[in-house]
Amino acid sequence: MNSEVLRWLMAQLGPDSDPADLGQRYERLRSARAVAQEVLQERIASLLAEPLRVSINGIATIDQTSNVAALERRLTHVADQTAPDDAEKVAFVSLASIPLVARPRR
């Protein structure tokens, strides 16, 4: 994984993401977008594994629903964005030429 891909992943996932973990995932998945999607899906799953809303009457309320929604929006954003390693895959697209032939006039 090159530094451009790592910077993109850190921008998508936050500066607290472990670069070594991201590197291992990239070696396994071979795509920056797939790495970002996997990490975001794991974060969503960990939030959903616990109660989303906990309330202690008159003392405190913890609500994680907005965090789940934010992570889902980020997941959609990552899917729509161009990752730095997508350019390598696009470079192999070939162009075909079609000869134009004049049609006979009536």
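The legends below describe close-up views of a predicted model.

Residues are numbered from 1 along each chain as its sequence is written. Local features need pLDDT of at least 70 and side-chain atom pairs count only at pLDDT 80 or more, while totals for chains, interfaces and linings use all residues, and side-chain values use heavy atoms, with hydrogens and water left out.

**View 1. Overall chain.**
The chain holds five helices and two strands, where helices (H or I, at least four residues) and strands (E, at least two) are DSSP runs numbered from the N terminus. Read from the N terminus, the order of elements is α-α-α-β-β-α-α. The C-alpha trace spans about 90 × 40 × 20 Å along its principal axes. Of the 106 residues, 27% are buried. Buried means under 20% relative accessible area, exposed over 50%, and partly exposed in between (1.4 Å probe, protein chains only). Accessible areas come from the Shrake-Rupley method with a 1.4 Å probe; for residues, only the protein chains shown count as cover. Among contacts between residues at least 6 apart in sequence, 56% join residues at least 24 apart, a contact being heavy atoms within 4.5 Å.

**View 2. Surroundings of Trp8.**
Trp8 sits in helix α1 (residues 3–13). Its relative accessibility is 11%, so Trp8 counts as buried. Leaving aside residues up to four places away in sequence, Trp8 touches Ala32, Arg33, Ala36, Val78, Gln81, Thr82, Ala83 and Pro84. Trp8 and Ala34 are separated by 26 residues in sequence and by 12 Å in space, C-alpha to C-alpha.

Side chains of opposite charge can pair when their charged atoms come close. A salt bridge is a side-chain nitrogen of Lys or Arg within 4 Å of a carboxyl oxygen of Asp or Glu, and the structure holds seven of them. In the one formed by Arg33 and Asp86, the closest N and O atoms are 2.1 Å apart. Arg33 belongs to helix α3 (residues 32–49) and Asp86 to helix α5 (residues 86–90), so the pair ties together parts that are 53 residues apart in sequence. Arg33 and Asp86 are both buried.

Arg30 and Glu27 form a salt bridge whose closest N and O atoms lie 3.5 Å apart. Arg30 counts as exposed because its relative accessibility is 53%, whereas Glu27, with a relative accessible area of 46%, is partly exposed. A network of salt bridges links Asp21, Arg25, Arg28, Glu38 and Glu42.

**View 3. Hairpin of β1 and β2.**
Strand β1 and strand β2 (residues 60–63) pair in the antiparallel sense over four bridges; two strands pair if DSSP finds at least two bridges between them. Three residues lie between the strands of this hairpin, and Gly58 takes a positive phi near 75 degrees. Asp63 in β2 is the bridge partner of Arg53. Arg53 and Asp63 also form a salt bridge, with the closest N and O atoms 3.2 Å apart. Arg53 lies in β1 and Asp63 in β2, so this pair ties together parts that are ten residues apart in sequence. Arg53 is exposed, with a relative accessible area of 54%, while Asp63 is partly exposed at 34% relative accessibility.

**View 4. Nonpolar surface patch.**
Val54, Ile56, Ile59 and Ile62 form a nonpolar patch on the surface, and together have about 390 Å² of accessible area. Patches are made of residues with over 30% relative accessible area and no salt bridge; like charges are joined within 9 Å, and nonpolar side chains (Val, Leu, Ile, Met, Phe, Trp, Tyr) within 5 Å. Val54 is placed in strand β1 (residues 53–56). With 40% relative accessibility, Val54 counts as partly exposed.

**View 5. Ala69 and Ile44.**
Ala69 is located in helix α4 (residues 65–80). At 27% relative accessibility, Ala69 counts as partly exposed. Ala69 and Ile44 are 25 residues apart in sequence, with a C-alpha to C-alpha distance of 8.9 Å.
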